[in-house]
Amino acid sequence: MINAQALGKRFMVSQRGWRRASQEVVALDGVGFSAADGEITGLLGPNGAGKTTLMRILATVVKPDSGSAWIDGHDVVADARSARRRLGVLGDAKGLYPRLTARENICYFGQLQGMERQAAEAAAARLIEELGMQRIADRSVEGFSQGERMKTALARSLVHGPQTVILDEPTNGLDILATRTTREMILALKARGRCVLFSSHIMQEVEALCDRLVIVNHGRLIASGTPTEILDQSGRDTLEDALMTLLGHEAEGVTRA
């Protein structure tokens with residue numbers, strides 16, 4: 001389970017030019033929400049809305065300037081190690097060791113999470129089967145396509161059986177068959193009682209998977225609730241139209257939460 005309360009984060013960004021001045025950018029401004037076990041929560045918003053910063057705070061990579069967050073009851077700042085043990089995080093397909101095979105990458109990250117080698121190998125074999133990775137499992141990652149790298153990164157994030165899973169655009173770069181497999185995996189995690197938080201720009205994917213939605217823009221929470229509640233808040237008939245309406249209201253200074 002994820003609980004976030006009034007999360008705030010600011011960054012100083014250097015501007016180009018002969019003066020080289022710095023500007024403060026507000027990435028998050030009092031964002032709070034919860035994501036329950038056995039549910040899939042979609043994190044939506046345009047590029048630059050604060051989604052990645054929010055996910056990095058929850059993943060214990062970035063410390064918030066204000067507010068608090070907990071992963072299965074573990075504070076992401078005060079008890080970051082315990083929070084990480086409960087987490088599976090897919091940020092992107094980077095960070096894989098190119099000279100290792102897909103199987104070796106998955107096993108290695110399982111052992112980094114405290115798994116015994118034999119247990120990590122068994123979990124890796126199961127994920128390779130579930131994700132249809134048999135053809136690439138024993139090839140070195142160097143030279144993989146984007147989709148093959150994404151599959152390997154997804155398996156790496158799930159190998160230790162985390163209770164809470166954070167996925168940042170998990171179907172990015174995948175072909176239609178791999179996308180379907182990944183969506184089935186996400187639904188299987190829900191069926192096993194896992195808490196899943198994922199971001200996506202594909203509204204068809206959001207409609208097919210999500211039990212709840214969290215919408216952010218300019219670092220602020222502008223709406224949250226079930227898809228039906230989001231439609232009711234916006235007065236629209238589709239989630240895509242609802243998202244555009246809520247973002248439009250927010251741009252005019254009307255905040256809905």
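Predicted model: local features only at pLDDT ≥ 70, side-chain atom pairs only at ≥ 80, totals over all residues.
Residues are numbered from 1 along each chain as its sequence is written, and side-chain values use heavy atoms, with hydrogens and water left out.

**View 1. The six-stranded open sheet has mixed pairing.** Its strand order is S6-S7-S8-S3-S9-S10. Strands are DSSP runs (E, at least two residues), helices likewise (H or I, at least four), both numbered from the N terminus; two strands pair if DSSP finds at least two bridges between them. At the edges sit S6 (87-90) and S10, each pairing on one side only. On average, neighbouring strands of this sheet are turned by 15° against each other, direction ignored. Here axes are lines fitted to C-alpha atoms, for helices over the stretch in contact, and angles run from 0 to 180 degrees between N-to-C directions. Helix H6 (residues 176-191) lies across S3, S7 (164-168) and S8 (195-199), running at about 130° to S3.

**View 2. Strand S9 (residues 212-217) pairs with S10 (residues 220-225) in the antiparallel sense.** Five bridges join S9 and S10, and one to look for links Val 216 to Leu 221 in S10. The hairpin has two residues between the strands, and His 218 takes a positive phi near 50° there. S9 also pairs with S3 (residues 39-44), this time in the parallel sense over four bridges; Thr 41 has Arg 212 of S9 as its bridge partner.

**View 3. Helices H3 (residues 102-112) and H4 (residues 117-130) cross at roughly 135°.** Their axes come within 8 Å. H3 and H4 are therefore oblique to each other (under 35 degrees counts as roughly parallel, over 145 as roughly antiparallel, 65 to 115 as roughly perpendicular and the rest as oblique). The contact (heavy atoms within 4.5 Å) includes Ile 106 and Cys 107 of H3 and Ala 120 and Ala 124 of H4.

**View 4. Tyr 97 and Tyr 108 form an edge-to-face aromatic pair.** Their rings are 5.6 Å apart centre to centre, with 80° between the planes. Rings of Phe, Tyr and Trp (its six-membered ring) pair if their centres lie within 6.5 Å; planes under 30 degrees apart count as stacked, over 60 as edge-to-face and the rest as tilted. Tyr 97 lies in the loop between S6 and H3 and Tyr 108 in helix H3, so the pair ties together parts eleven residues apart in sequence.
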